[in-house]
Amino acid sequence: MAPPSGGVPPGLGGRPACALLLLCYLNVVPSLGRQTSLTTSVIPRAEQSVAYKDFIYFTIFEGNVRNVSEVSVEYLCSQPCVVNLEAVVSSEFRSSIPVYKKRWKNEKHLHTSRTQIVHVKFPSIMVYRDDYFIRHSISVSVVILRAWITHQYSSGDLNVKWEENLLHAVAKNYTLLKTVPPFERPFKDHQVCLEWNMDYIWNLRANKIPQCPLENDVVTLLGFLYASSGENTGIVKKFLRFQNRELEATRRQRIDYPVFTVSLWLYLLHYCKANLCGILYFVDSNEMYGTPSIFLTEEGYLHIQMHLVKGEDLAVKTKFTIPLKEWFRLDISFNGGQIVVTTSSGQDLKDYHNQTISFREDFHYNDTSGYFIIGGSRYVAGIEGFFGPLKYYRLHALHPAQIFNPLLEKQLSEQIKLYYERCAEVQEIVSVYTSTVQQGDRRQEALPRNQNESVLDFGGRIFEKALKRLSSVDGLHQISSIIPFLMDASCCGYHKASYYLAVFYETGLTVPRDQLQGMLYSLVGGQGSERLSSMNLGYKHYQGIDNYPLDWELSYAYYSNIATKTPLDQHTLQGDQAYVETIRLKDDEILKVQTKEDGDVFMWLKHEATRGNAAAQQRLAQMLFWGQQGVAKNPEAAIEWYAKGALETEDPALIYDYAIVLFKGQGVKKNRRLALELMKKAASKGLHQAVNGLGWYYHKFKKNYAKAAKYWLKAEEMGNPDASYNLGVLYLDGIFPGAPGRNQTLAGEYFHKAAQGGHMEGTLWCSLYYVTGNLETFPRDPEKAVVWAKHIAEKNGYLGHVIRKGLNAYLEGSWHEALLYYVLAAETGIEVSQTNLAHICEERPDLAKRYLGVNCVWRYYNFSVFQIDAPSFAYLKMGDLYYYGHQNQSQDLELSLQMYAQAALDGDSQGYFNLALLIEEGAIIPHHILDFLEIDPTIHSNNISILRELYERCWSRSNEESFSPCSLAWLYLNLRLIWGTVLHSALIYFLGTFLLSVLIAWTVQYFQSVSASNPHLTPAGASEDPTAPTASPAVTPVADASAQDQPTVINSPEPRG
């Protein structure tokens, strides 16, 4: 194939950036060859004695940009001069790009008008359409052709830069060339023959005009209500650059002249408790506030902050306050240095406040160089109330009348308003009552009598009385009568009651299902920072179920709130907490070791601990300190065992645990001196936790960061995740010895290593990095951020307490109470409670049908299989439900195959067995499931081969030492194959035919010989000897023809979970 001639080399237009490099390249390469054709002299216009003035004109023979445009340049020089000609273009991304340059001297023909023809050559990517060689032509907006004259003795040298030369021009001129849009240009004749296949492929798309992606500048930051608890957590949103080149060019042009609008709905319960609380603000890549940053003050004014181009910050406060306990819309538009703030409320948004603020400073605005936060963060607490829909117009400053941002979820927002109006009345009644009690009126003995009791305490008392009734034998029958008490407790701010109400309405637990009321009380509980309510909201938004929209950023806001509190809760010795343990009701072995203070397991441990068994002492202390294995949390008793073990034995783990207790003063008086001695003693025995503890001591109490880092590095080498986290903190704070300043990248690496070791705070930092995407080592991944935050939140002790109550009720045979607490735990999204609840509903379907308004087995097994750590038996159960069909769910064989395949991939032999049985029944496994199981369809091309592979995997993963169903099925399959091979063998067919022929020939010969040996026949009518024995041949009965050649029918067992 001949090389292309006279065109752009193949691949030169591969990208717009390459096109621009070409333009810059042409700026450097001098004009040679055929650009100049002829110079002609003309008659002088005047006599030599006349004073001539320099001029330059040019004529373009065609006004459009062509590959070679012919230009006639007419000029006159009064002194020796240099004539300059230049073509400059501007595109959508860059301006003033020189693409053609030419200059020549004129020293002899002075005071004479001369004309020169110049052929200006433009790059092919400017004048031709895309083809196989010109892959990306560029769109040019302006083409300027300019010429000028400089005298040779005043910077008129040919070596002078063009920019300096233009400054000394004595005459100059310019003209505009008409540009041609890319798809109106002609194709270039490259004089090259492509291979037929390449030519065919190119012609298929040659005339297709590409379309810009459908994109606009309107972004919905929030489409559902968000309950903001006034704490340091919120929603993180991050924007990428526009894919549409025109929109992106506009955005870049407005970095120093912001033009945008923010519109959001708010329902405020209180003004800020601190100086400022967050509404919506931008955090840049340097972790500094950017434009815009909108806060609320403690007096109710809006605080609006901007970042200036010169690097400083500027803030302004509105003249009006915003309303409380009323839905209103806040619209803020930026147009350069002018800010318009409007709040609208009431019917049709007729009641409003408006303020216009003007500045002379230039604001810096780049919404892709950081992230937005709605509500609170680690920098500032959020508002107390609810966020409604939030829209962001990235490139338009709109008047409130032009903004389309209706209050979605109208019914839900109205229910929120009605709830707080009712609660205001309840709180007023309670306040009057408590005031009366303080004055000595104690006539109602059923109500609390504590004079210092607050409204919250009052709500707690009401809730405890309701809970006592719920825990009784017929407690579920009384829910309808208990609900009013829970409503009053919720109004008093005791939001455990709010969560109970949310679950009752969402699951229809003895009350009619009401999704609206369920959402209301879940949001109210989340706003009140109730841990289980926040987890319920986070889970529903994570999965997008029960009419909650799928929104990972919103889910993260709820989960991160509880995840942040979980480590603090674990170190709190008060409250209804228990250690979250993964105990499955199907596992009889784990259930056997559950105990109480008077149980056999506990009493045996106590006996061994009293005898000085260090392992028993440590286990006993852990059970009492954390509330594990069914034992009630009792820190005081735990500390006694820690002390006994540390002082009487040489066990380093007990010594370390007691040292930590003494350092922190948990249930015992602080004793730093003794704690340090014990810590050093444990470290000398090689305990990596103690080595890390020494580093913690020098960091916290001595501020000796060098010594702390030394111990942490040593402990980190020993595999201690706490040490990894602590080293990350040193880098994050910029105090690591010998390291200059903060290093977030190294801090993130240590946090990630700590998280992999199970460290809670390290996991929280990693989830924050994943949701913000501000570190290169942590690319933005909101889903992963939710998973990590959810993992920590589900270790919360308050959730563990509910799970433990459900487990204890199950072990005691109290089915009603077990159902209640497992429903409460399952709705938070924790997998182990979901599968346990489904198991209870399988064991007692009558209970589930009587009390629950949902299909319990289907709902919770279905929820569990969408969890990351779902057990294989849950997949098997869902596979069975899809196989047989279940109530409103019809049979779905493909989904059944997917569930069995997932169970098989998790190492469950039953999954492989069920897949094989489905193939035996005639099912065909799709290729994507085979790929999922890593079964190569090219190697296993038929069902027999796939069956053999499945049975072999099933057998290899079977836990049974003797023959298992998998091994028997494998043996039976191979016997069938061998028997089928034997029956269909050509050799067997030949031998059988030969033997049959021999048998027939022998029979014929036998009968002939018999006939020859008996020639005399008995005469007819001859009397027989009555004494002679009668020959009665034994006739073998002929078998039933229908039974012959009938294959044996074996009933294949049904797939089972």
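Biologist: Let's start with Glu842 and Lys877: in what do their side chains meet?

Modeller: Side chains of opposite charge can pair when their charged atoms come close. Here the side chains of Glu842 and Lys877 meet in a salt bridge, 3.1 Å from N to O (a salt bridge being a side-chain nitrogen of Lys or Arg within 4 Å of a carboxyl oxygen of Asp or Glu). Glu842 sits in helix α27 (residues 831-843) and Lys877 in helix α30 (residues 872-884), so-called distant parts of the chain, 35 residues apart. Helices (H or I, at least four residues) and strands (E, at least two) are DSSP runs, numbered from the N terminus.

Biologist: And what sort of model is this?

Modeller: It's a predicted model, where local features need pLDDT of at least 70 and side-chain atom pairs count only at pLDDT 80 or more, while totals for chains, interfaces and linings use all residues. Residues are numbered from 1 along each chain as its sequence is written, and side-chain values use heavy atoms, with hydrogens and water left out.

Biologist: Is Glu842 buried or partly exposed?

Modeller: Buried means under 20% relative accessible area, exposed over 50%, and partly exposed in between (1.4 Å probe, protein chains only). Glu842 is partly exposed at 32%, and Lys877 is partly exposed at 22%.

Biologist: How many salt bridges does a search of the whole structure find?

Modeller: The search finds 30. One of them joins Arg378 and Glu287, at 3.4 Å from N to O. Arg378 lies in the loop between β20 (370-375) and β21 (384-393), Glu287 in the loop between β13 (276-284) and β14 (289-297), so this pair ties together parts 91 residues apart in sequence. Arg378 is partly exposed at 41%, whereas Glu287 is buried at 15%.

Biologist: What does Gln744 touch?

Modeller: Contact means heavy atoms within 4.5 Å. Leaving out residues up to four places away in sequence, Gln744 touches Glu287, Leu732, Tyr769 and Leu775. Gln744 is in helix α22 (residues 744-756) and is buried, with a relative accessible area of 18%.

Biologist: Back to Glu248 and Arg252: how do their side chains meet?

Modeller: In a salt bridge of 3.2 Å, N to O. They are 4 residues apart in helix α5 (residues 245-253), and therefore separated by about one helical turn. Glu248 is buried at 5% relative accessibility, while Arg252 is partly exposed at 43%.
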